[in-house]
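Q: Please show me how to read the features of a model like this one. I would like the general idea each time, and then the case.

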Amino acid sequence: MRRLVGSLLFLLSVTGLPYLLYLLLLKLWNPQGSPAEKRPAEPTVSIVLPTYNEERIIENKLDDIVTLDYPMQKVEIVIVDSSDDKTRELIREFFANREHPTLTLIEEGERRGLAPALNDAYEAATNEMVVKTDCDSKLAADVLREAAANLADPEIGAVTGRNTEALGGSEVEEGYRDVQAHIQTLESHLDSTFIFHGPFSAFDNDAIVSVDEDSIADDTELALKIRKDGDRVVFDPEIEYKEAAHSTFRKRRQQKDRRAMGLIRLLWRQREMLGAYGAYGRTVLPFNWWFMIISPWLIMASIGLATLGGLAVSGPLGLAVPGAVTGFVALGSREKLGSLQVAYSLFDTQVSLFRASLKLLDGEGDGTWEIDEELREVYSE
């Protein structure tokens, strides 16, 4: 029993130590904003928008883009579409009597997956700054100017922004994103951040390279490869967007599991970067390895050991451990934990990362995505 308790305490201590070190560094340093030497800039812009059966929201998304605070004569929109609904017809109607921005529409005869579609779109993009955005996101009016100001720093090859609101009112998702914003600010000031966000990411066109055809973390993979080639890739909380999020536990879990699978697979495929590329490979990537690959297994092992210890000491009463975890999840998924909701958001992410690891080991993970009507409804409200 002593060995069991000792093992449990050891696991909990080892699991939490990297987080404590990161929190200590964040507290002592307290970095703010983007590390880029930002200055006003107005480059030409290519906005890349992948679409698949978006007839319900495509006009709203295009309205969102053309009303951005930026001279539209300097903007082209590159849409790569694999729809079998009225999306293309609506796109053509939207641009029919519009001089600016210009439209490049890449029509796919068959659906190949997001990564190859984006590779084609990036290759077709002709302007100096290339922005990737998703259909189910809403952008702040100044995002292009803020992104351009970051990329005006010659050391910066890419920049991403912050989700300021989960459309649909998911406190679970918002709680995690708030923590993530602090971490990404710290990582950017150390060197570069790891995660790039689909709703808005901007790249220097000269820095863009192809991503793997089966990638399910295409934005993050592109940023990582840009850092690998020598440019910094950073997070700027002044770049703001809103993203639709699932309100139901089951759908939110599926969405987070898929994202987690893409990030874990990317870290594994690029494992040779550990220890290289400055603080990015010596600090940022090791932390993300710990958070995304190692820590979820240690947490599950800790719960298992605590359950075994409880059963050994108290018999059936030892089931109080998994019962408490189940209750915590039940309350957290219904957003009824009050001040503990952020803790649940982090735990929920660790569960998704653990599930994603199991799915990857089972051979799951492709580059296509399914249209979800709930997200479309949330976006169009």
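Q: Where does N53 lie?
A: Helices (H or I, at least four residues) and strands (E, at least two) are DSSP runs, numbered from the N terminus. N53 lies in the loop between β1 (45–51) and α2 (58–66). Its phi is near 50°, which is a positive value in a residue other than glycine.

Q: What should I know about the numbering and the model?
A: Residues are numbered from 1 along each chain as its sequence is written. The model is predicted, local features need pLDDT of at least 70, side-chain atom pairs count only at pLDDT 80 or more, and totals for chains, interfaces and linings use all residues, while side-chain values use heavy atoms, with hydrogens and water left out.

Q: Which residues does a cis peptide bond join?
A: The bond is between H100 and P101, with omega about -5°. P101 is in the loop between α3 (87–95) and β3 (102–107).

Q: How many salt bridges are there?
A: A salt bridge is a side-chain nitrogen of Lys or Arg within 4 Å of a carboxyl oxygen of Asp or Glu. By this rule the count is 25.

Q: Which residue forms a salt bridge with K256?
A: The partner is D348, and the closest N and O atoms are 3.0 Å apart. This pair links distant parts of the chain: K256 is in helix α8 and D348 in helix α11 (residues 341–361), 92 residues apart. K256 counts as buried because its relative accessibility is 7%, and D348 counts as buried at 2%.

Q: How far apart are the closest N and O atoms of E221 and K225?
A: They are 3.0 Å apart, in a salt bridge. Both residues lie in helix α7, four residues apart, about one turn of the helix. E221 is buried at 3%, and K225 is buried at 15%.

Q: At what angle do α9 and α11 pack?
A: Axes are lines fitted to C-alpha atoms, for helices over the stretch in contact, and angles run from 0 to 180 degrees between N-to-C directions. Helix α9 (residues 279–314) packs with α11 at about 100°, with the axes 8 Å apart. Therefore α9 is roughly perpendicular to α11 (65 to 115 degrees; under 35 is roughly parallel, over 145 roughly antiparallel, and the rest oblique).

Q: Which residues make the contact?
A: Contact means heavy atoms within 4.5 Å. Among them are F291, W297 and I303 of α9, and F347, F354 and L361 of α11.

Methods. Buried < 20%, exposed > 50% of the residue type's maximum accessible area, 1.4 Å probe, protein only.
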